[in-house]
Every structure is written in structure tokens, then in C-alpha cells.
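Take a walk through this protein chain, one spot at a time. Keep the sequence and the 3D view side by side.

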Amino acid sequence: MEAALAEELLEIAQTTASPTLKVHNQVPGGVHCSGDLYDAYRINLHSRIASRVLMRMGVCHYQNENDIYDLVLAQPWEEWFGIDHTIRVDVTAIKSPLKSIEFTTLKIKDAVCDRFRDMYGKRPSVDTREPDMRIAGFLDQRQFIVYLDTSGEALFKRGWRTETGDAPLRENLAAGLLRVSGWKPGMPLFDPMCGSGTILCEAAQMVQGVPPGARRRFAFEKFHDFDPAPWQDMKAAIKPNPLPTEPTIFGSDISGDMVAMTRHNLKNAGILFDVPLKQIEAQQVQAPTAQPGILLTNPPYGERIGVRGDSTLPEDDLAKSFYADFSKTLKQRFAGWTAYLFTADLGLPKLLRLKESRKTPFFNGALECRLFRFDMVAGFNRREEALPKEGPQSGS
């Protein structure tokens, strides 16, 4: 999602009229940008795609853990937080020659604590569950960078989600999929396997103009020099969009519990307009609008496909039968639509018997996934149209 994030950061700089926020290079897993501390506030408030906003404190070439300790010890941590704040240290390494990440993590924690002990005779406590301050270390083959996290809890935790299904998408991943699909507010959007409704909630907040960070707190609010006035001004400057008069976002799921959960999550996310939801099998759905739009969904795979039909069938047969039916529905009822399916099943196009027009690699946690795009060209599959149509749509 690096390219999508870089694009979003440029938009945040423009829409908030920040003269200081500059976007630099994309790196694996992130984007480098620069600005003042208020820009960190802006990104935390407005970014749907970032996981965290990390402030770089120091960087060095290293040969062993002592080099890392020395760099961390030299940073002015006391200018940002005090001994009463709890801390947590996390280290990520790519091709680092160091033997133990755990030992490196301990050396970073010791350096922070030793700095406070040297200055004040006391040290901050460690809290791995709900720390006030998170310190992040990043190692590659030769370089070490230490960051102070301005976000606190990961940014995908928007503060609205209370209920989830078996395998919920992270909110920032859903936002990334929406951006990569090219969907924009006002375009029809349909998720026929909506689960707990993450894609729908993200899209609905975009339509309404609700920033993702509007309903939560951040680590920077605990910094020593935090000035609440500009932060309140930023939040007060948010102008919600006019509510749509006609629905453009639609969802359905085979499970009534999931439909109820989506409804609940939309309400919690502060959505004030109607998002029509239906309990119905994905193979039975109809296009919800006459105007073609974007169908974007995270279909079930592996064990989860069992809820879609006869659980006595072997998994492979169940998947084949489900996707054959769903493919037929797409061809017959979604002419002119662009269908995006996000999945860890890299053989999905074969199951659908459709040729993807694009596939974008993503990671859902450690799981390698693809966003497959299928262009449902009107009348492209004549022989499907000769088949008998399915019975009338059932659902509630």
C-alpha cells in the first residue's frame, strides 16, 4: 500500500493547506515524509491507510548492539516524555546480522531507561499492553533507525469497531483496497459478502467526510509540549459532506448475524445516511443500481467457505461450486461493473473461470493476498445468457 499511502499523504498536504508537509520516497512497508509536529497531528487525524506515524529520532550505521545502545542513549527522550510515562519498545529487522532481536530490544529499552536514570535518578516503567509511549527500532543489514511513535494504538483502530466476524479486514487495509480500486464517493459500491462491514464503514465515512482519527486519542497528546489549541482547531475545521439523498453504498451477506453486525458497526462509525443491507447468498444477488459501479469484496476462503453452503461437501468441491455460481451471477447480472475480489486464494480466477485484467499484491498481516480485478464487459459472454436464469431473488 506504499503508493496508495504516498498519494494519500499528498492529498492531506493539499486539503489541510499544510505548507510544511512534504512527501519523499516510498520504502518497503512505508513512506518517508517530512514536516513539523502539526503535520504528524494532521496525518494521524486524516490518514486512512497508514498504520502508524513514526517520528525519526536518530539513525546510525551499526556493527553490534553497543552501537545501537549508544545512539538511543544520546536521544533527548526527556524533551518528549517523563519518568511517569510507561514505555514499550518494538524492533523490526530485515536481513540484520544481529543474532537476537529480543536482546536488541532489551538494549534499546536499557538505553532509554539509563538516560532517565542518569538525569533524574529514576526510570520509566515498561508496559507492553497499554504503554503511554512506543519506541520503534528498525534494522537492515547496516543501518539502525530509532523512532518515537506519535500514534499510540495502531491507526487502523478507529475507535468504532466493537464487533467483528471470524476474519475481519483491518480498517486501513479496507481503505487501501477502496483507493486501489479507484472507487470515489458518489460511485455505486457493492460488497456482496460484507462480513462485519469494514469496507462499507470505511466507504461510508469517506462519503460523509468523517476523518478516521476523529473519534480516538493519540500518543502525541501525552507529549510534554503538546499544545491542545491547534489540535482542537484541526478537529473543528472538519466540514462534513452533505448527506447523500440516494443510496450509493450497498452490502449483503448470507449470515443474518453479519448483516446485524454491519448495521451496528455503521451506527458506531457515526454514519447518518442509509446503507441498504440484505441477507442473501452471494450467488443470488442482483446489481443494486442501474448505473454500473464497483463490486469490492473479501470472499471467504479455507474453512470460512463452509458457511456458504453444504458443509458435508469437501472444501475443494464446495469452493468450486460456490465460485462457479458466483461467476455466473457476475456475468449475467453485473454487466458494465468492475469487480474486485481480495483473497489469499491465488487460484481464484481459475475457480471463477474469468481472466483478471489486473492483480495487485497485498499482505493481510503475514498472509500474501491479491486484489483481482475483473471487468464485466456488457454481453461479453453470450453462451452464459443462453443458460436458464435462476429463480426470483430471496432475502430479507
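Start at Asp253, which sits in strand β8 (residues 249-253). Helices (H or I, at least four residues) and strands (E, at least two) are DSSP runs, numbered from the N terminus. This is a predicted model, where local features need pLDDT of at least 70, side-chain atom pairs count only at pLDDT 80 or more, and totals for chains, interfaces and linings use all residues. Residues are numbered from 1 along each chain as its sequence is written, and side-chain values use heavy atoms, with hydrogens and water left out.

Is Asp253 buried or exposed? Asp253 is buried, because its relative accessible area is 2%. The cut-offs are simple: buried means under 20% relative accessible area, exposed over 50%, and partly exposed in between (1.4 Å probe, protein chains only). The side chain of Asp253 reaches the backbone nitrogen of Cys194 at 3.3 Å. That is a polar contact: a pair of N or O atoms within 3.5 Å, where within protein one must be able to donate a hydrogen and the other to accept it, and residues adjacent in sequence count only if both atoms are side-chain atoms.

Now go to Ser151, in the loop between β6 and α5. Ser151 is buried, because its relative accessible area is 0%. A polar atom of its side chain lies 2.9 Å from the backbone nitrogen of Val53. Leaving out residues up to four places away in sequence, Ser151 touches Asn44, Arg52, Val53, Arg216, Arg217, Phe218 and Ala219. Such a contact means heavy atoms within 4.5 Å.

Find Ala290 in the loop between β9 (277-279) and β10 (294-297). Ala290 is exposed, because its relative accessible area is 87%. Pro188 is 102 residues away along the chain, yet the C-alpha atoms of Ala290 and Pro188 are separated by 9.5 Å.

Next comes helix α4. This helix covers residues 101-120, 20 residues in total. From first C-alpha to last, α4 reaches 29 Å, close to the 28 Å expected at 1.5 Å a residue. The expected span is 1.5 Å times one less than the number of residues. At the start of α4, a side-chain oxygen of Ser100 comes within 3.3 Å of the backbone nitrogen of Glu102. After the helix comes Gly121, with a positive phi near 75°. The buried residues of α4 include Thr104, Ile108, Val112 and Phe116. Which elements cover them? The cover includes α3 (65-73), β4 (87-93), β5 (133-139) and β6 (143-149).

Finally, view the whole chain. It has 11 helices and 13 strands. Its C-alpha trace spans about 80 × 50 × 35 Å along the principal axes. Of its 396 residues, 49% are buried. Among contacts between residues at least 6 apart in sequence, 77% join residues at least 24 apart.
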